[in-house]
Amino acid sequence: MPKINHQGLRVAVLAAGPTTGVVGGAERLYEGLLGGLRQLECEAELISIPADEPNFNAIMGNYDRCEALNVSNFDVVISTKAPTYAACHPCHVLYLVHTVRVFDDMFERVFPNAGQQDYWQRARIHARDLKAMTQVKARFAIGHEVADRLYRWRGLDAEVLHPPLGVTGFQCATAADYFFLPGRLHDWKRVHLVIEAVRCSSRPMRLLIAGTGEAKTKLEALAAGDPRIEFLGRVSDASLIELYSRALAVPFVPEREDYGYITLEAFASGKPVVTCVDSGEPARIVIDGISGRICAPDPKEICKALESLFDNPRQAEEMGQNGRAWVAQMHWSDVAQKLLNAALAPQRETIPDKLKVAVLDMQPIDPPVGGGRLRLLGLYHNLGSEIDCTYIGSYDWPGECYRRHRLSPGLEEIDVPLSREHHAEAGRLSAKAGGKTTIDITFGRLGRLSVEYVRTAREAVREADVVVFSHPWVYPLLAAELRPNQTIVYDSQNVEGFLRAQLLDENSSVEAELLRCVVDDELRLCQRADLVLTCSQEDASRFNRLYRIHANKLRVVPNGVMAFAHPRPMPADRMNAKRRLDIAQWSLVAIFIGSAYEPNVEAAQFIVDQLAPESTDTLFVIAGGVGKRVASVHKNVHITGPIEEAEKVQWLTAADVAVNPMFSGSGTNIKMFDFMAFGLPIIATEIGARGITKNSGDAVEITAPQAAPFIKNINQLKDPRKRESRGEKARICVEQYYSWERISKFTGQLLAARSRYALQSVPRFSVLIVASGGFDDLSAFCLALGCQIERDFELIVIDRASGSRKNQLQEYGFPLVYMHAPHLGLGAAKNVGVSLANGVILVLAQEYDLPDEAWLFQLRESVSMAAGGAQSIAWVPLSHAGAGAALPRIAVRTEALRVVGGFEDDAVTNDLADPETLIARLRRIGRIEDAPSMENPTLIKGGKCAVVMFSTQGHKCGVGEYAASLGTALKKRGWLFMSSAAAAKLPA
């Protein structure tokens, strides 16, 4: 951080709080920040604004006072919590402590029977926040919990800047036999969980509780009769420091804590902290097993954590020292320097931290041969400019060296060789399993023998925001290292339990046990994962059916190919390639490619034994590692054996058709996309084409798994015109749906979108629009959506316009995910939007249907009142089946939409044009309800559109700016803009 001289700057720190004068963490933050500013020789002043919050009108009055506050005599203004950021100053930075949280994630708990007026009040407060926060020079937050909540409920980003301790003097002494729990005794601090945990234990450990609060009487009653639990009441600063210094550890298990100085105070005293996965910032700061323990918010789990520290005091001491080292590097002068630099920067600039993704498996990527490695390279090579991806792999054969290199600007590969002991033990197990390959499926049990691999993987996991397990093999080794704030992804290349059941012999006790381990590893990873990526809809359905994995976890991310790496070969190119390979020009060349994977061996043997003898004028080329497992005496079979990429390109260029007679396996065959990229018509079994036929048209001919139909289709493709026509369609299909260049970017957006809700609730609604009109349409829709009184939603925009319009979009007050996809058809674009959506209910809307303020609130009411409860899965307009209906509006439980496979993207049966196609599929699994709120959400009057805007009812809430901006956007299109009162006078 540059050390700029800020000597003499006049800096105002704006604080707000109740008039009772209660001192808490925020007050300590103010004191520390003032001290840091004064260390930089600034003239810092604390300005306190009384901000009691007894009711809505009082809260709005607090905003008015802050907005009217005259701070013009200061050079820099630093605001902290609501409503101080409403102050106006050209060099104003926000260091957010919290908003009015009762109107965010706690709203439904505090207002369980909220009516439309309560939702309206919340929306007005959100609008005031948005107006103020979009005018400051820069936004910072005291922790990830606060920053994530700001995005969740306002759609705004903030850089995390942890505040150091304001009080010094904490000491570390020899630990006694007690756990120390200081702080306010409030229900949200969940002290009762720790009391119950101690009561669960038979060990002679004590719990000392310091502090007062409204929950004290209830907590004392809960602890009554247990002499190990003692309430100390309010203690002096000197006593607090002494109690910390002698404690064995500090349990701190609040619910969604914004920051929690208790964690830092414990660390400064050299004490580990026990916290819970849903405790907010403490769960981000504590590293499980390193500086404390993180467990489920359950007394029995907390008891286990406390007992582990009680039984291992030396380990507790080591964890405490790790925490002490972390807190020692924090300084208030650094925080003050960063805030001032941002305030005085020439222009407002937000540079988000790059998302860190760690991908783990036990094979190398480079060279990318075989389906698994090709998927790894294709999927992760270009996740996006705002994502750094690190791959940790190994070699399943001995004799290799450590390797670290970049495969692309965004993908680094680190390969760590397995130990000799690991290879030896894997070899013994393989012998017991009849020589079958087991080094992969036993990795979770034997990986501990490869110490360097495990150490490297752990380091990568600790640094990552998103952890991806490609295959389930590595997960058992690292399950304990995963943090609750990380997004965990299982990138399944197959349904391994299903696949291995086909490959392993359950009559063998060894193989039966291996199969049980595969199923157990995969099931546990699926249960822990936030997302399960599958290669096909068939695999997604299989995960849902076999493992009972919730459909909202499942996303289909198909296999692909670097479709744009080579142009589609023309007939002359094929003739030249045949000449170079010494193949007769008139020969029809049918190619099959595969690794030495058992289903590939089965397919290759079918070609040798059944196809080649029956089609002697066709040259069958069997390319790749599968050639090591098959042999042929037929002159019209050429087996290449393992080949390099350049050789594969040459053979694909020379080929006329492709065959893929697969009889078993799971996932999709990447070889299919190689065939399509080189413009080859394909003949395949249903298993060989799984996950592809939906989009391929007649580029892929599905054939029964017998020789006769294969030969018949091969003979039909002797017509060069048919080959050329179907080959062209194959190339178009792969470019649109199966190019790694596009799939990788989509995967990056998918991971980024999901990671934004780590430790946060997902939205109730995901509003999806597929945009293709002018920007005025898109802008007007976003502005109107920003006025919703229902605030629990996100917007997904799939933009099919020719150029990206992301940089033209504003901050509208809600989470917005934008993807530019001009290559996608309507159905495919909607399915991409469904994949990116995280809401419970997906609402399909149109950019030119502008909703009034109550639209989503009324939809909430429809969902709540719908007959059938959980059986109701979709809500449609009353007129959805009407003749000549335009693109339908529909609300669907996202889970149900994924179960039925999403929207149709066939040009003939596009669900946008024919809503009954989707509705019929949904009716098979649940009830469809009529919802008046899904009728046209705007008032259409006469020849022009009369857009009804809501009144601000005299409140200064920032909505007026939205109305003005929306009106400007509409007037550009010749639309009439009027108030609801004026619209009411129009004839029906």
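In the predicted model, helix α17 comprises 13 residues, spanning positions 451-463. From its first C-alpha to its last, α17 reaches 19 Å, close to the 18 Å expected at 1.5 Å a residue. Six positions need attention on the inward side: Y453, V454, T456, A457, A460 and V461 are the buried residues of α17. Viewed down the helix axis, these buried residues fall within an arc of 165°, so they line one face of α17. In an α-helix, residues three or four places apart point the same way, because there are 3.6 residues a turn. The face of α17 turned away from the buried side carries V451 and E463, both exposed.

The surroundings of the buried residues of α17 include both strands and helices. The strands against which they pack are β13 (355-360), β14 (387-393), β16 (411-415) and β17 (466-470). The helices are α16 (443-446) and α18 (475-478).

Just after α21, R548 takes a positive phi of about 60°.

Two helix pairs were then considered. Helix α6 (residues 191-200) packs with helix α7 (residues 216-223) at an angle of about 10°, and their axes lie 10 Å apart. At under 35 degrees, the two helices are therefore roughly parallel to each other. On the α6 side, the contact is formed by V191, H192, I195, E196 and R199, which meet L219, L222 and A223 of α7. By class, the residues of this contact divide into 5 nonpolar, 1 polar and 2 charged.

Helix α11 (residues 299-311) and helix α12 (residues 313-328) pack at an angle of about 105°, with their axes 5 Å apart. This angle makes α11 roughly perpendicular to α12, the range for that description being 65 to 115 degrees. From α11, the residues S308, L309, F310 and D311 take part in the contact. Their partners in α12 are P313, Q315, A316 and M319. The contact of α11 with α12 has 5 nonpolar, 2 polar and 1 charged residues.

Terms used
Residues are numbered from 1 along each chain as its sequence is written. This is a predicted model: local features need pLDDT of at least 70, side-chain atom pairs count only at pLDDT 80 or more; totals for chains, interfaces and linings use all residues. Side-chain values use heavy atoms; hydrogens and water are left out. Helices (H or I, at least four residues) and strands (E, at least two) are DSSP runs, numbered from the N terminus. The expected span of a helix is 1.5 Å times one less than its number of residues. Buried means under 20% relative accessible area, exposed over 50%, partly exposed in between (1.4 Å probe, protein chains only). The arc is that of the directions from the helix axis to the C-beta atoms. Contact means heavy atoms within 4.5 Å. Axes are lines fitted to C-alpha atoms, for helices over the stretch in contact, and angles run from 0 to 180 degrees between N-to-C directions. Angles under 35 degrees count as roughly parallel, over 145 as roughly antiparallel, 65 to 115 as roughly perpendicular and the rest as oblique. Ala, Val, Leu, Ile, Met, Phe, Trp, Tyr, Cys and Pro count as nonpolar, Asp, Glu, Lys and Arg as charged, and the others, Gly among them, as polar.
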